[in-house]
Amino acid sequence: MTFNDIFKSSFLENVTSVSFLDMAIALALAFGLGMFIFLVYKKTYQGVMYSSSFGTTLVALTMITTSNIVLSLGMVGALSIVRFRTAIKEPLDIAFLFWSIAVGIVLAAGLIPLAVVGSVIIGVIMIVFCNRRSAQKPFIVVISCDHAKTEEKVAAFLKQQTAQCIVKSKTAQKGAVELTCEVRLRGDDTGFITGLAEMEGVSSAVLVSYNGDYMG
């Protein structure tokens, strides 16, 4: 069985006989849906360092896969063996990559309503679930203090100033104690870290944002 046998001949003829106007409309729709995917990605991004180039890649992928459906299907298979030079650190990024490719393939097949309606539904689902997840974004606080009594004051201060405080690690040396705590803020106020650094016995206090997936 050849590749042509997998697809009906009428389908391949329709693909190869696309007019210039149809191609322009398909690419315009691909650009619009690609921008929609990019905006959803930007709205739901959970990582620490946002990459605008990845968002541009989503738009480009949508347009590239729309230009030729046969080559697009081959590219989907190639993705399983290609090793990206830049590691994908967020698992959700893979979903956006395949979303862009799927939209391009569906547009190339002429299923415009499916591409538009499907993208809107997926986008709404992404925004709802990701925003619910990030309702209380976690932070990591690293505090260096001089002894155990200061540590107790720091712990009491954090519990008073934050909605939740969990000790993740503790390093004790002679004359020095380092605490690493996961905290969830009340609102967006991070001013408590300044007051923490000014406490007697505290040598430094660092507040770092993270997505909650890398520390147990």
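**Ground rules.** I number residues from 1 along each chain as its sequence is written, and side-chain values use heavy atoms, with hydrogens and water left out. As the model is predicted, local features need pLDDT of at least 70 and side-chain atom pairs pLDDT 80 or more, while totals for chains, interfaces and linings use all residues.

**Salt bridges.** I looked for a side-chain nitrogen of Lys or Arg within 4 Å of a carboxyl oxygen of Asp or Glu, and got three salt bridges.

Glu151 pairs with Lys170 at 3.0 Å, N to O. Glu151 sits in helix H8 (residues 148-161) and Lys170 in strand S2 (residues 164-173), so this pair ties together parts 19 residues apart in sequence. Helices (H or I, at least four residues) and strands (E, at least two) are DSSP runs, numbered from the N terminus.

Next I checked Lys168 and Glu182, whose closest N and O atoms are 3.4 Å apart. Lys168 is in strand S2 and Glu182 in strand S3 (residues 176-184), 14 residues apart. Glu182 also meets Arg184, at 3.5 Å, and I noted Lys168, Glu182 and Arg184 as a network.

**Burial.** I used under 20% relative accessible area for buried, over 50% for exposed and in between for partly exposed (1.4 Å probe, protein chains only). Glu151 is buried at 15%, whereas Lys170 is partly exposed at 48%. Glu182 is buried at 9%; Lys168 is partly exposed at 26%.

**Helix H7.** I looked up Ile121 in H7 (residues 112-133) and found it partly exposed at 47%.
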